[in-house]
Amino acid sequence: MLHTKTSQIEEIIGEAIAKARHYTEPQLISVVDQIDYIDAYQFMNHGQVVDHHRLFWRSAEEDFTMVGVGTASKLFATNERRFKEVQSLWNEIREHAVIYNRYGEKGTGVVALGGFSFDSKQKNASPWEAFPDSQMTIPAYLLTNKNGKSFLTTNVMIFPEDHQQQVVNQIAADHEKLLSFTEHDFRLPERINISEVAPELWKASVKEATDDIKKGLLEKVVLARELRIAFSEPVQIASVLKALAESQDNSYIFAFESEGEYFVGATPERLAKVDKRELISTCLAGTVPRGETEAEDQHLGSDLLHDPKNRQEHQFVVEMIREAVEACSTNVDIPEEPVLYPLKNLQHLYTPVRATLDEGYTILDVIEKLHPTPALGGMPQERSVEYIRHHETLNRGWYAGPIGWFDDHNNGEFAVAIRSALIKNDSASLFAGCGVVENSDPQAEYEETAVKLKPMLSVLGGY
């Protein structure tokens, strides 16, 4: 049930049209209502009755989920200045937006959700034709579930030529569709085929990389590979999200729909979070499986903590993130030693980073400085990304890129889009990578990527 009355909506729309005509430019309005609690996965599934552009984000550490449906505005940028350009577009929209939000909860009101590709200079579009280099969407309708409460934000871009009653009627019709539905029975499709893409070629690329590292061309590079799955019927994205949430309870669950295709995943790796100027980042690098028994699990974890290759890989990430955070923050706090971060299938080396973001900086400034970390690209940063561009056997697209959200209160959070899949109708491409250093063994790295593919495979029928 919506608390904002139709007469109030009419008044808000009328004022926005008058302002748009006066200034001869579009006017964004945003109205937030608290509503009866709605299940986020049901809302995600049902949202397709209004629009096939849907977005999903669930936090890894708190009861906080957002589901976007439709588009009030999209923020695009396609060059090396993409983070600054998106920030500029956001500032312009936010400056002229009129927001009716008496609740003030983060993730309500004017919120942008989306992501950026791993490499803005990548020229090969396949298989990512539906996903531009960067795309942050202010959804027309945004469900925010936080601590057992549901809020519905309605965002509308008003144009000078709009007619008040037509806009009011359209919003009322959309609300009726979105909030009136029967519960969906979530079901995952049957997998009919699974195939690895050129595994021997990928192993050869790892061997070539170790040779290049020994020659001093770079210190470390992360190489990713692809696995493909075919299903008996089209994949329903809400079913995948619900299954991921149930199996990966301490990961970020995300999905972005674009032109009927989905990029979806469960990533444990936060890139950065800003909440009331408190900046939190995560160093997550170094991976082993979970054990079958508690004793085996502890043994694997202990080996990881004392393994020179994994500790070196982790330290690369710590030092890079330290440098990036110190460039825009004060009160930087980084522990000297990593600890274990256990997931259902994997365990990682983990070092948290906390700081206070300096005035004048935003979360996109932080993301620009952090991306890509050595855990996703390598060292040195620019040289490793260029190496990936010319030697990797796939186009990463949004895989390993920054994905997340920010709101008009300067809150926001971005994660790294790993443990993910690109889903097209009845097929999916899964991606996983590993850090290559001079003593890396191609077969061992191949087996590490197989471990990293398990979280998505377990949901999509591979295990």
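Predicted model: local features only at pLDDT ≥ 70, side-chain atom pairs only at ≥ 80, totals over all residues.
Residues are numbered from 1 along each chain as its sequence is written. Local features need pLDDT of at least 70, side-chain atom pairs count only at pLDDT 80 or more, and totals for linings use all residues.

**View 1. The largest pocket holds about 490 Å³ of space.** On a 1 Å grid over the protein atoms alone, a pocket is an open set of points with protein on both sides within 12 Å along at least five of seven lines, and lining residues have an atom within 4 Å of a point. Of its 16 lining residues, Glu80, Ser120, Lys121, Gln381 and Glu382 lie nearest the centre. Helix H10 (381–391) gives the largest share of the lining, 5 residues.

**View 2. The largest cavity has a volume of about 180 Å³.** A cavity is a set of grid points where a 1.4 Å probe fits but cannot get out. It is lined by 17 residues, with Glu269, Ala375, Ile418, Arg419 and Lys452 closest to its centre. Strands E15 (278–289) and E23 (427–436) each give two or more residues to this lining, and E15 supplies the largest share, 4 residues.

**View 3. The second largest cavity has a volume of about 60 Å³.** Its lining consists of Gln87, Trp90, Thr362, Ile363, Phe406, Asp407, Asn410 and Asn411. Helix H3 (82–96) and strand E20 (402–407) each contribute two or more of these residues.

Notes:
Heavy atoms only, no water. Points joined across faces, edges and corners; volume = space filled by probe spheres on them.
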